[in-house]
Amino acid sequence: MPLARSLSVTSLSGMEDWDEEFDLEDAVLFEIAWEVANKVGGIYTVIQTKARLTAEEWGENYFLVGPYVESNVRTQVELIEPTNPVLKRTIDKMNSSGCKVYFGRWLIEGSPYVVLIDIAFTAWSLDSWKRELWDLCDIGVPWFDREANDAVLFGFLTAWLLGEYAAQSEEPPHIVAHFHEWLAGLGLVLCRHRQLPVATIFTTHATLLGRYLCAGSVDFYNKLSEFNLDKEAGDRQIYHRYCLERAAAHCAHVFTTVSQITAIEAEHLLKRAPDIVTPNGLNVKKFSAVHEFQNLHAQSKNRIQEFVRGHFYGHLDFNLDKSLFLFIAGRYEFSNKGADLFLEALARLNYLLRVNHSDVTVIAFFIMPARTNNFNVETLKGQAVRKQLWDTAQTVKERFGKKLYESLLVGQLPDVSKILDKEDLTIMKRAIFATQRQCQPPICTHNMLEDSSDPILNCVRRIGLFNSSADRVKIIFHPEFLSSTSPLLPMDYEEFVRGCHLGVFPSYYEPWGYTPAECTVMGIPSISTNLSGFGCFMEEHIADPSAYGIYILDRRYQGVDESCNQLTSFLFQFCKQSRRQRIIQRNRTERLSDLLDWRYLGRYYISARHMALAKAFPADYMYELHEPTSTSGFRYPRPASVPPSPSLSRHSSPRHSEGEDNDEERYDEDLEAEKDRVNIRQPTALPFKNKSSVVLGANGNGGFVKN
């Protein structure tokens with residue numbers, strides 16, 4: 001589902017369609033990944049959201065290749081007969097040779113064709129293929145590593161598919177094969193070893209060794225050049241996986257990563273500098289109504305407030321209208337995702353809010369899936385009590401309204417003492433007594449299987465944030481992905497994000513970071529770091545990111561305590577903003593949506609494919625240099641109107657906040673947006689580092705012609 005945005009900011013002048021002429025009639029693109037129609041992690045989002053743009057570019061010559069998972073196919077794929085005659089002959093030949101290959105349409109935006117390979121059906125070949133892998137590459141895969149065994153099967157079958165397609169073609173084909181991550185990388189290695197007529201691209205979204213090293217609390221970025229790579233991989237029992245990933249990176253015609261920070265990592269750990277950086281984008285859908293995303297924020301915030309009313313029943317001694325909802329979400333990697341830093345900053349923020357006698361309450365949500373056995377009884381009881389109170393209020397309201405109506409019919413002013421009789425008062429007193437609670441509101445919404453060793457809960461115990469009445473910072477740990485069918489918090493992830501005020505993602509290891517990107521598209525400010533791909537990308541493209549609600553935390557050049565103090569400062573300054581200042585900031589944040597749209601970022605993938613064709617088929621294709629134009633990229637200046645400081649920001653709200661002076665100079669959102677469009681500048685940094693013989697423009701938008 002595309003994330004929606006408002007028409008309050010029209011497409012930027014620097015975002016015009018990219019006019020690059022290229023004849024694709026005799027070329028075919030296979031995009032190969034383990035997460036095609038098979039959601040495992042973030043790569044699924046990359047491929048799913050990019051499919052529409054790629055299908056529009058390649059038409060009937062674009063095929064996604066992934067594993068056949070029956071449960072996913074039943075709900076996501078429409079199986080049909082292949083429309084491409086060469087591919088039909090290829091699939092028929094493979095099926096008659098002992099394989100099971102399926103063809104269909106993936107039921108997502110763009111409806112791309114998918115080729116799904118049943119690896120379990122050919123598992124009988126695993127031992128012989130592992131022997132062949134050892135003979136060819138000296139890579140041995142242990143029997144107990146099921147994921148690596150799947151990678152071997154998938155790699156040999158995809159190489160078989162591409163080789164058979166080339167053999168079934170009547171004329172020499174121009175095949176582009178784009179492989180994502182190490183699970184698909186073996187297919188690339190086999191294509192190059194068998195000298196298939198295939199232009200290969202390998203994209204690493206995060207290096208294997210990098211993720212493992214960071215999970216072990218290593219000073220990763222300061223010691224990148226010092227690691228004994230073979231030893232580190234061997235110590236973690238991933239040496240065979242590391243070899244597969246490194247071989248794919250070196251065999252590819254074009255090697256890409258998703259961010260500058262991952263490019264540095266890949267150069268040290270995989271020993272090859274990427275040819276192009278291909279940032280991840282999103283499909284941005286525009287609303288027809290101005291400021292519609294602000295209305296959606298208000299609606300979703302109301303739903304979160306209802307949950308909070310139930311969760312904190314009996315201790316609801318704070319003003320929900322002056323409460324801010326913060327959240328962190330993602331895989332449960334306590335240190336890599338920065339949950340440790342976030343919790344420590346919340347403890348310091350709690351102290352600052354208390355000593356400054358702030359009336360703001362911060363409610364921080366941790367949405368990270370962990371092992372649980374069910375919902376917490378106390379949490380479910382809270383929502384039941386809230387619903388019972390609502391039903392009681394509705395009952396009294398109906399009785400009160402009926403008596404008021406009858407009194408007015410006879411022409412008399414109502415006697416309040418008679419309208420509210422003893423029965424009504426008794427009902428209300430019973431409802432009040434039902435809200436009494438002897439314990440603190442729970443931290444965790446579920447029963448954890450490993451409560452005593454859970455990192456988040458142990459950290460909460462250490463810092464002493466137990467949702468007490470004296471605390472200005474409350475914590476809710478929801479160890480499960482959000483769902484609209486949940487009996488506890490019935491909201492999907494997109495709706496929940498829209499209702500929050502700030503996303504906090506102080507990651508130590510984050511090759512890209514879809515969570516802050518999704519916040520940006522929905523107009524929600526976020527905190528990221530200069531060790532995340534998203535943070536580096538925004539620093540490159542925006543002169544003053546914090547002015548647009550993108551706070552970049554320095555975790556690369558300062559210590560943990562300094563980073564924690566900086567994060568605390570960001571949070572405290574955010575808490576001091578008025579409602580109108582937050583609305584101004586959301587307008588600015590939402591205006592950055594075009595930066596993250598595949599309409600803009602898709603051109604980097606286009607450049608990678610063009611470069612691969614030029615390298616693999618130099619007699620037919622050539623990649624030429626041309627000077628970058630204003631559409632090659634852009635850099636946002638600071639907002640034209642005012643500085644981002646809460647004390648200096650001007651009005652932008654559709655309606656005024658309480659207690660604010662109406663005589664101050666009004667802020668014109670449309671005027672500021674127009675000035676930003678006029679002042680777009682080129683980015684100062686290159687989007688990729690190229691070491692190939694192909695000559696490129698400064699932004700990777702080289703001209704591409706067919707000889």
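Trainee: The axes of helix α3 (residues 85-96) and α5 come within 9 Å and cross at roughly 130 degrees. Why is α3 called oblique to α5?

Mentor: Angles under 35 degrees count as roughly parallel, over 145 as roughly antiparallel, 65 to 115 as roughly perpendicular and the rest as oblique. The crossing at roughly 130 degrees therefore makes α3 oblique to α5. Please note that this is a predicted model, in which local features need pLDDT of at least 70 and side-chain atom pairs count only at pLDDT 80 or more. Residues are numbered from 1 along each chain, and side-chain values use heavy atoms, without hydrogens and water.

Trainee: Which residues of α3 make the contact with α5?

Mentor: V86, L87, R89, T90, K93 and M94 of α3 make it, where contact means heavy atoms within 4.5 Å.

Trainee: What makes α4 roughly perpendicular to α5?

Mentor: The axes of α4 (residues 126-137) and α5 (residues 146-168) cross at roughly 80 degrees and come within 10 Å. That angle makes α4 roughly perpendicular to α5. On the α4 side, the contact is made by L126, W129, K130, E132 and L133.

Trainee: Why is S111 called partly exposed?

Mentor: Buried means under 20% relative accessible area, exposed over 50%, and partly exposed in between (1.4 Å probe, protein chains only). S111 has 30% relative accessibility, so S111 counts as partly exposed. S111 lies in the loop between β5 (101-106) and β6 (113-117).

Trainee: How do you know that H357 is exposed?

Mentor: The relative accessible area of H357 is 73%, so H357 is exposed. H357 also has a positive phi of about 55 degrees, although it is not a glycine.

How values were computed. Axes are lines fitted to C-alpha atoms, for helices over the stretch in contact, and angles run from 0 to 180 degrees between N-to-C directions. Helices (H or I, at least four residues) and strands (E, at least two) are DSSP runs, numbered from the N terminus.
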